[in-house]
Amino acid sequence: CELLPLTPVLDADGLPVVTTVGDLTARHIGRRVRVGDFTFATLGRILAARTFVTLRGFDTDGQWKFLEPLPLDIPCEVLP
């Protein structure tokens, strides 16, 4: 009974709920994403390795930016 069937938790848009950068999927590309104090106006790429994630996209000033490498457990949220 300790291991229940694994079912994804979805938000109102039907996307997986995001609490860390490790939760981001390709379906979040094009969305606004906040990682710590940094906000992507448009998430462009998610490059994942075993224990790290690199995020690239446009910041709120329209500049192409990247954050790398980020451990999978860094807090993150997808903004409306």
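Hi everyone, let's start with alanine 12, which sits in the segment before β1. Keep in mind that this is a predicted model. Is alanine 12 buried or exposed? Its relative accessibility is 85%, so alanine 12 counts as exposed, since the cut-off for that label is over 50%.

Threonine 20 counts as buried because its relative accessibility is 18%, and buried means under 20%. What does threonine 20 touch? Leaving out residues up to four places away in sequence, the list is Leu72, Asp73, Ile74, Pro75 and Cys76. With leucine 72 there is a detail to zoom in on: a polar atom of the threonine 20 side chain lies 3.2 Å from the backbone oxygen of leucine 72.

Setting aside neighbours within four places in sequence, valine 21 is in contact with Val35, Val53, Leu55, Leu70, Pro71, Leu72, Ile74 and Cys76.

That brings us to the core. How many residues does the largest nonpolar core have? It has 11, and among them are Val21, Val18, Leu24, Phe40, Leu43 and Cys76. Two or more residues of this core come from each of β1 (32–35), β2 (38–48) and β3 (52–59). As a general point, nonpolar side chains tend to be buried together in soluble globular proteins.

Conventions
Residues numbered from 1 in each chain as written. Predicted model: local features only at pLDDT ≥ 70, side-chain atom pairs only at ≥ 80, totals over all residues. Heavy atoms only, no water. Core = buried A, V, L, I, M, F, W, Y, C linked by side-chain atoms within 4.5 Å. Buried < 20%, exposed > 50% of the residue type's maximum accessible area, 1.4 Å probe, protein only. Helix = DSSP H or I, 4+ residues; strand = E, 2+ residues; numbered from the N terminus. Contact = heavy atoms within 4.5 Å. Polar contact = N/O pair within 3.5 Å; in protein donor to acceptor, adjacent residues only side chain to side chain.
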